[in-house]
Amino acid sequence: MILDQLVLHNVGTFAGRQTIELTPPSEKKPIILIGGLNGAGKTTLLEAIPLVLYGPLAQLSGRRSGSYDNYLRGLIHKGASPSEGAAIELTFRAYREGVEREYWVRRSWRSTGSSIREILLVSVDGKHDSTLTSTWSEHVDTFLPR
């Protein structure tokens with residue numbers, strides 16, 4: 001599995017849409033480093049990946065106690081409109097049936113008063129896959145177990 005791009009939209013300290021390119025610039029320099037001061041969002045970046053992939057099944061340090069809804073509510077950027085909510089997108093490449101495929105996974109959520117409305121979308125090779133979206137939690141575990 002090769003991570004290519006992570007997009008955060010109103011997640012944690014990240015206001016608006018922020019795109020992080022994760023594909024190394026060359027084979028001679030295959031490492032991406034992320035640095036920042038305390039509170040700058042390094043942990044948010046790291047936790048965004050399992051969150052977008054596994055949703056409520058993700059094991060996240062920020063969710064030691066409390067409900068999944070409360071965790072998501074706390075991740076929405078403080079300056080974001082309640083109707084806009086937050087989202088995480090991850091683009092990566094992985095092999096499926098011996099063929100390299102490009103996956104795009106988007107998990108978005110917004111507060112609807114007392115609850116959180118979450119939407120998951122999955123595309124493979126640029127095409128939305130509703131079947132894969134509905135079985136995503138089982139599928140992702142086949143090539144990247146929690």
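A polar contact is a pair of N or O atoms within 3.5 Å; within protein, one must be able to donate a hydrogen and the other to accept it, and residues adjacent in sequence count only if both atoms are side-chain atoms. This is a predicted model, in which local features need pLDDT of at least 70, side-chain atom pairs count only at pLDDT 80 or more, and totals for chains, interfaces and linings use all residues. Residues are numbered from 1 along each chain as its sequence is written, and side-chain values use heavy atoms, with hydrogens and water left out.

**Stop 1: Asp4**

Select Asp4, which sits in strand 1 (residues 2-11). Strands (E, at least two residues) and helices (H or I, at least four) are DSSP runs, numbered from the N terminus. Asp4 is buried, at 10% relative accessibility; buried means under 20% relative accessible area, exposed over 50%, and partly exposed in between (1.4 Å probe, protein chains only).

Now show the side chains of Thr23 and Arg93. That of Asp4 makes a polar contact of 2.6 Å with Thr23 and another of 2.8 Å with Arg93.

**Stop 2: from Arg93 to Glu100**

Arg93 is partly exposed at 25% relative accessible area, and Glu100 is partly exposed at 39%. Together with Asp4, these two residues belong to a network of salt bridges.

**Stop 3: Glu89 and its partners**

Next select Glu89, which is buried with a relative accessible area of 9%. Its side chain meets that of Arg17 in a salt bridge (3.1 Å, N to O). Arg17 is in strand 2 (residues 14-21) and Glu89 in strand 3 (residues 86-96), so this pair ties together parts 72 residues apart in sequence.

Arg106 lies in strand 4 (residues 99-111) and Glu89 in strand 3, so the parts tied together here are 17 residues apart in sequence. Arg106 is partly exposed, at 24% relative accessibility.

**Stop 4: helix 1**

Finally, select residues 42-54, the 13 residues of helix 1. Buried residues here include Leu45, Ala48, Ile49 and Val52. Just after the helix, Gly55 has a positive phi of about 55°.

Key
Expected span 1.5 Å × (residues − 1). Salt bridge = Lys/Arg side-chain N within 4 Å of Asp/Glu carboxyl O.
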